[in-house]
Each structure stands twice: as C-alpha cells, then as structure tokens.
Amino acid sequence: RLMSAKSPDAIDRLVGRNIRIQRLAKRLSQTNLADQLGVSFQQVQKYEKGRNRMGAGRLFRIAATLEVSLLTLFEGVDDADGPEVASPQALLAHPQHLKLVLAFSRVADKATRRALIGLVRQIAEPRQRPAAARPITR
C-alpha cells in the first residue's frame, strides 16, 4: 500500500514523541507551547501524536522554542521503522516516567539510589511467595 505524500509516517510519530518529551522536560503545557508557536493546542496534540506532519520552518521554531537542537527532535530516527519497543525515549514521553527520572536524578546519595532501584524492582517484579505462605484453596 502506497502512502500519500502528506500522510504522517513512523518518523513523524517519532519526532512528535520527541517534541512531547522536550515539552514535558521544560514543564510546558501543550497550550503554552501552542501560544509560543502561534498555533492551537489541538495542533500541538496532533504534532505530538504524529497525526500531522510539520514543515521545516515549524520544526525549526519548535526546536528554538524548546531550546533544543533540531537534531534532538530526530533522536531515534534510525530505529523509527523497527518494531515498537519501549525505548528510553518512548518511556520518557509519559509525564509520570519523566517525573520519576527527574526526581531520581536529584537523589545525591549513591546508597539511597541503589535502595530506590531495588525497591522499584521489587514492586515491578514481585517474586512468587513460598508455597508455605500461599493461601490454601480447595
């Protein structure tokens, strides 16, 4: 199936995701970014979801507004046509994930950081309880 020249593709989605990551890192709302770009917040939503393509001038203005290089918006392009895996970039596109990373980066004590990693791993990957601790079902 051929794609029309105006249909968004995997790279458009990746660039949109990177815009979202950078916007969240700057603590800007979609409305704030939209106001600075002179577009609606709905347009920013479409960019971030990769539903609308962006011209070179718009990409340049977005990068300048977010105070990042234009290349930052294209990070991961080499993998854009590959399978959908949870890359670090993709994970950071979620506000809660980004907040966790930012908070973790402010923890100075190495032992505390290791303890936090251990705690999160235990929560995320609970081991099975020993047979003696399992409830008996009949």
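This is a predicted model: local features need pLDDT of at least 70, side-chain atom pairs count only at pLDDT 80 or more; totals for chains, interfaces and linings use all residues.
Trainee: Why are helices H2 and H3 called roughly perpendicular to each other?

Mentor: The axes of H2 (residues 30–37) and H3 (residues 41–48) come within 8 Å and cross at roughly 105 degrees. Angles of 65 to 115 degrees count as roughly perpendicular, and H2 and H3 are therefore given that description.

Trainee: Which residues of H2 and H3 meet?

Mentor: Gln-30, Thr-31, Leu-33 and Ala-34 in H2 meet Phe-41, Val-44, Gln-45 and Glu-48 in H3, and by class this contact has four nonpolar, three polar and one charged residues.

Trainee: What makes Glu-48 and Arg-23 a salt bridge?

Mentor: The closest N and O atoms of Glu-48 and Arg-23 are 2.5 Å apart, and the rule asks for a side-chain nitrogen of Lys or Arg within 4 Å of a carboxyl oxygen of Asp or Glu, so the pair qualifies. Glu-48 lies in helix H3 and Arg-23 in helix H1, 25 residues apart, and both residues are buried.

Trainee: How do you know that Glu-67 and Lys-26 form a salt bridge, with the closest N and O atoms 3.9 Å apart?

Mentor: That value of 3.9 Å is still within 4 Å, so the pair of Glu-67 and Lys-26 is counted.

Trainee: Why is Glu-67 called exposed, whereas Lys-26 is called partly exposed?

Mentor: Exposed means over 50% relative accessible area, with buried under 20% and partly exposed in between. Glu-67, at 64%, therefore counts as exposed, while Lys-26, at 37%, falls in the range between and so counts as partly exposed.

Definitions and conventions:
Residues are numbered from 1 along each chain as its sequence is written. Side-chain values use heavy atoms; hydrogens and water are left out. Axes are lines fitted to C-alpha atoms, for helices over the stretch in contact, and angles run from 0 to 180 degrees between N-to-C directions. Helices (H or I, at least four residues) and strands (E, at least two) are DSSP runs, numbered from the N terminus. Angles under 35 degrees count as roughly parallel, over 145 as roughly antiparallel, 65 to 115 as roughly perpendicular and the rest as oblique. Contact means heavy atoms within 4.5 Å. Ala, Val, Leu, Ile, Met, Phe, Trp, Tyr, Cys and Pro count as nonpolar, Asp, Glu, Lys and Arg as charged, and the others, Gly among them, as polar. Buried means under 20% relative accessible area, exposed over 50%, partly exposed in between (1.4 Å probe, protein chains only).
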